[in-house]
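Reader: Hi! Could you walk me through this one? I'd like the ground rules before we get to residues.
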Amino acid sequence: MAAEPTLPGENVITVLGATGQQGNSVVTALLRAGWHVRAVVRDLHTVRAREAAAAGAQTVVGDFTDRVSLRAAFDGAYGVFSVQPSSGQPGSAVTDDDEVAYGVSVADIAHSVGVAHLVYSSAIAAGDTVTGIGHFDTKSRIESHIAEIGIASTIVRPASFMEILMLPGMGLAHGRLSFLMRAEQAMQFIAVADIGSIVAEVFGAPTEFLGRAVDIAGDAMTGTRAAQLLSDAVGRPISYERMSPEVLAGNAVLGRLAEAVDNGRLAGHADLPALRTRFPFLHRFDLWLAGPGAYSIGDALRTGD
């Protein structure tokens, strides 16, 4: 087990996916905590890559298919934050096997160069049993490999992102919210920025978190409650309806996701009271709507389905 870093500013954390939602939040939180951050990007000239560099991160070019670039990015780093493009993202060209190969490669290379702490971002529905949902079972396979090779690691399993409720297809531009949970069924959510803050805490306290898998969430809401909080935030009525049976029947992935909510797997079982005690910065949905989510609300209200 690695010793507690006494001088975080003298240590380097390599962050994969640094221009994506999670990776960007991790870069921001680690810099705020005083770490040296090595942000792995595919293109040094994108807006987010330039922003990361301007904030103080060292940006380096790397690609999941290029093991040489990953080895160079990990060399000399104390820790690595691992997140991969998901096969479950709409329009993604990444297959289930691609995602697993990327996660396995990251773990193997990090282990081979002596990284002291790997933090892998999985998903709240991942774990020991098969879900039948490709982009969750990929993460379970990566988790299993990390355990098998014995690298010092922590698994964080985020709940569904609060940001997903702001996507155009959720219906806010038309005065309604439509998602996977039933109107009176609670489902857990987390703000993406809070994932970064939790990861920074995990890297800063290895003796507390090494060897653990932690489900993380910031709030739990029924569909009705989410719509009410949105109504309060925008000053107009927002109703809630679960995605229609026709939509769920017509899309195999959405249908399986709804089943995983119904059986509790995707609804989430994170210990919210314990998490809020350990991570008091966690956003409840109403506070997120009034703060980091305010821009997302405005954008969602202006965007039709």
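Author: Happy to. Helices (H or I, at least four residues) and strands (E, at least two) are DSSP runs, numbered from the N terminus. With that in hand, Asp97 is found in helix H4.

Reader: Good. What kind of model is it, and what gets counted?
Author: This is a predicted model, so local features need pLDDT of at least 70 and side-chain atom pairs count only at pLDDT 80 or more, while totals for chains, interfaces and linings use all residues. Residues are numbered from 1 along each chain as its sequence is written, and side-chain values use heavy atoms, with hydrogens and water left out.

Reader: How many helices and strands does the protein chain have?
Author: The protein chain has 13 helices and twelve strands.

Reader: And why does the radius of gyration agree with a compact globule?
Author: Because a compact globule of 305 residues would have a radius of gyration near 19 Å, and the protein chain has 19 Å. The radius is taken over C-alpha atoms, and the globule rule is 2.2 Å times the number of residues to the power 0.38. Along its principal axes, the C-alpha trace spans about 55 × 40 × 35 Å.

Reader: Nice. What about burial and surface?
Author: Of the 305 residues, 51% count as buried. Buried means under 20% relative accessible area, exposed over 50%, and partly exposed in between (1.4 Å probe, protein chains only). The accessible surface of the protein chain is about 13300 Å², with 53% of that belonging to carbon and sulfur atoms. Those areas come from the Shrake-Rupley method with a 1.4 Å probe, and for residues only the protein chains shown count as cover.

Reader: Changing topic: how far apart are the mean positions of the positive and negative charges?
Author: They are 2 Å apart, for 22 positive and 32 negative charges. Lys and Arg count as positive and Asp and Glu as negative, with His and the chain ends not counted. Each charge is placed at NZ of Lys, CZ of Arg, CG of Asp or CD of Glu.

Reader: Let's zoom in. Is Thr154 buried or exposed?
Author: Thr154 counts as buried because its relative accessible area is 0%. Thr154 sits in strand E6, residues 153-158.

Reader: What is Thr154 in contact with?
Author: Setting aside neighbours within four places in sequence, its contacts are His117, Leu118, Val119, Tyr120, Val202, Phe209, Leu210 and Arg212. Contact means heavy atoms within 4.5 Å. A polar atom of the Thr154 side chain also lies 2.9 Å from the backbone oxygen of Phe209.

Reader: Do contacts across the whole chain reach far in sequence, or stay local?
Author: Among contacts between residues at least 6 apart in sequence, 75% join residues at least 24 apart.

Reader: Okay, what does Ser197 touch?
Author: Ser197 touches Ala29, Arg32 and Phe281, not counting residues up to four places away in sequence. Ser197 is placed in helix H6 (residues 192-204) and is buried, with a relative accessible area of 12%.

Reader: Back to helix H4: is Asp97 buried or exposed?
Author: Asp97 counts as exposed because its relative accessibility is 52%. Its C-alpha is 13 Å from that of Ile133, 36 residues apart along the chain. Ala101 is found in helix H4 too, which covers residues 96-112, and Ala101 counts as partly exposed at 41% relative accessibility.

Reader: And which residues is Gly134 in contact with?
Author: Ser87 and Asp96, leaving aside neighbours within four places in sequence. Gly134 is in helix H5, residues 134-149, and is partly exposed at 26% relative accessibility.

Reader: Last one: where does His174 lie?
Author: His174 lies in the loop between strand E7 (160-161) and strand E8 (176-179). At 47% relative accessibility, His174 counts as partly exposed.

Notes: Polar contact = N/O pair within 3.5 Å; in protein donor to acceptor, adjacent residues only side chain to side chain.
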